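Welcome! Here is a short tour of one protein model, written for someone meeting it for the first time. Have a look at the sequence and the structure, then read on.

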Amino acid sequence: MKRIPWNVLLALLVGLGLGLVYSWVISPRRIINAEPITLRADFKDQYRSAIAAAYAATGNLPRAQARLALLGDSDSIEALNAQDQRMLVSEANGANGKQFEHADQVAALALALDENNSGASLPTPTIELVNNAQAASTATFPPPPPDVPIVLTETPQTPEAQSTISVPTPRPTHTAVPTLGAPFKLIGQETICDSNLPDGLLQVLVLNSNRRQLAGIEIVITWDGGEEQFFTGLKPELGNGYADYIMTPDTTYTVQLARGSDVALGITAPSCQTPDGESFLGSIKLTFQQP
């Protein structure tokens, strides 16, 4: 059996190297007009951020849904929430000063999609009508009272005058009194399995009626034999309305806002697994919003 001459082998290796340099460096294949579903994971994140920014500017939710469908995610809401967590972690590590703004937009889009899927709508404020003759009740404004008639009556006490004009005392009118702001509503409770987050992280996001984050809101967390309070706004790099708490394994918590809110019951650190099968404690994210 003859051996391949070394000069032939060297020529083959040189030819292979030159071919790789030409195809990878000098004239690499350029892909244009690719479908979003074929994008790399980091490019898909950029695509979602662009969709969220467009939604923040236009408020067009159906268009945002159509664009997200092009990515082929099995659950667009879960994909947005996972990206939001990655962006917050990246911002906390100082990777990009603008990451939080983009993360806020991504979270707002995920929240809008979740509300749209559940068919939830924000309650409208009511007006209380207080009548002096009856207790306060919630109702619509009544029609304006009819014109008070003018009645001509005779007055024998004054013989000089044959008659006088008597105007009866008007009836008491309804006074519109707006009710106080309703308590915060629990509009989102999500389980997040992200090994990049601290084990057992409880995240709380508090929004006003315009979906702006609120700082300084006291959060009360209780469990069997204990209670603690923490506040939003102490980590402004993660958002003015953001607060978090590290949960103890195998402990069940109750969470609510001190100013009045729905009560989140049965909160416990979820059990998650990495793709390699390694178990870890996941996170819970609660979102409260003022009607």
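## A space inside

The structure holds one cavity of 30 Å³ or more. A cavity here is a set of points, on a 1 Å grid over the protein atoms alone, where a 1.4 Å probe fits but cannot get out. Grid points are joined across faces, edges and corners, and a volume is the space filled by probe spheres set on the points.

Of the 14 residues that line the largest cavity, Asp84, Leu88, Leu205, Leu238 and Lys285 are the closest to its centre; a lining residue has an atom within 4 Å of a point. Two or more lining residues come from each of α4, α5, β7 and β15, and α5 gives the largest share, four residues. These helices (H or I, at least four residues) and strands (E, at least two) are DSSP runs numbered from the N terminus.

## How to read the model

This is a predicted model, in which local features need pLDDT of at least 70 and side-chain atom pairs count only at pLDDT 80 or more, while totals for chains, interfaces and linings use all residues. Residues are numbered from 1 along each chain as its sequence is written, and side-chain values use heavy atoms, with hydrogens and water left out.

## Charged pairs

A salt bridge is counted when a side-chain nitrogen of Lys or Arg is within 4 Å of a carboxyl oxygen of Asp or Glu. By this rule there are seven salt bridges. One of them joins the side chains of Asp84 and Lys285, with 3.0 Å from N to O. Asp84 sits in helix α4 and Lys285 in strand β15 (residues 283-289), so this pair, 201 residues apart, links distant parts of the chain. Are these two partners buried or exposed? Asp84 is buried at a relative accessible area of 2%, and Lys285 is buried at 7%. Buried means under 20% relative accessible area, exposed means over 50%, and partly exposed is in between (1.4 Å probe, protein chains only).

Helix α4 (residues 76-92) also holds Arg86, whose partner Asp45 lies in helix α2 (residues 41-58), 41 residues apart. Asp45 counts as buried at 17% relative accessibility, whereas Arg86 is partly exposed at 36%. Asp45 and Arg86 also belong to a network of salt bridges with Arg48 and Asp73.

## Arg211 and its loop

Which residue meets Arg211 in a salt bridge? The partner is Glu115, at 2.6 Å from N to O. Arg211 is in the loop between β7 (201-207) and β8 (218-223) and Glu115 is in helix α5 (residues 99-118), so the pair ties together parts that are 96 residues apart in sequence. Glu115 is buried at 11% relative accessibility, while Arg211 is partly exposed at 29%.

Arg211 also has a phi near 65°, a positive value in a residue other than glycine. Asp250, again not a glycine, has a positive phi of about 60°. Asp250 is placed in the loop between β10 and β11 (253-257) and is exposed, with a relative accessible area of 80%.

## A buried threonine

Thr232 lies in the loop between β9 (226-231) and β10 (242-246), and at 2% relative accessibility it counts as buried. A polar atom of the Thr232 side chain lies 2.9 Å from the backbone oxygen of Leu214. The Thr232 side chain also reaches the backbone nitrogen of Ile217 at 3.0 Å. Both are polar contacts (N or O atoms within 3.5 Å; within protein, one must be able to donate a hydrogen and the other to accept it, and residues adjacent in sequence count only if both atoms are side-chain atoms).

## Nonpolar cores

In soluble globular proteins, nonpolar side chains tend to be buried together. A nonpolar core is a set of buried Ala, Val, Leu, Ile, Met, Phe, Trp, Tyr and Cys residues joined through side-chain atoms within 4.5 Å. Of the 23 residues in the largest core, Tyr55, Leu61, Leu68, Leu80, Leu109 and Leu113 touch the most other members. At least two residues each come from α2, α3 (61-69), α4, α5 and β7, and the largest share, seven residues, comes from α5.

A second, separate core of 21 residues includes Val204, Ala243, Tyr253 and Phe288.

Definitions and conventions:
On a 1 Å grid over the protein atoms alone, a cavity is a set of points where a 1.4 Å probe fits but cannot get out, and a pocket is an open set with protein on both sides within 12 Å along at least five of seven lines; lining residues have an atom within 4 Å of a point.
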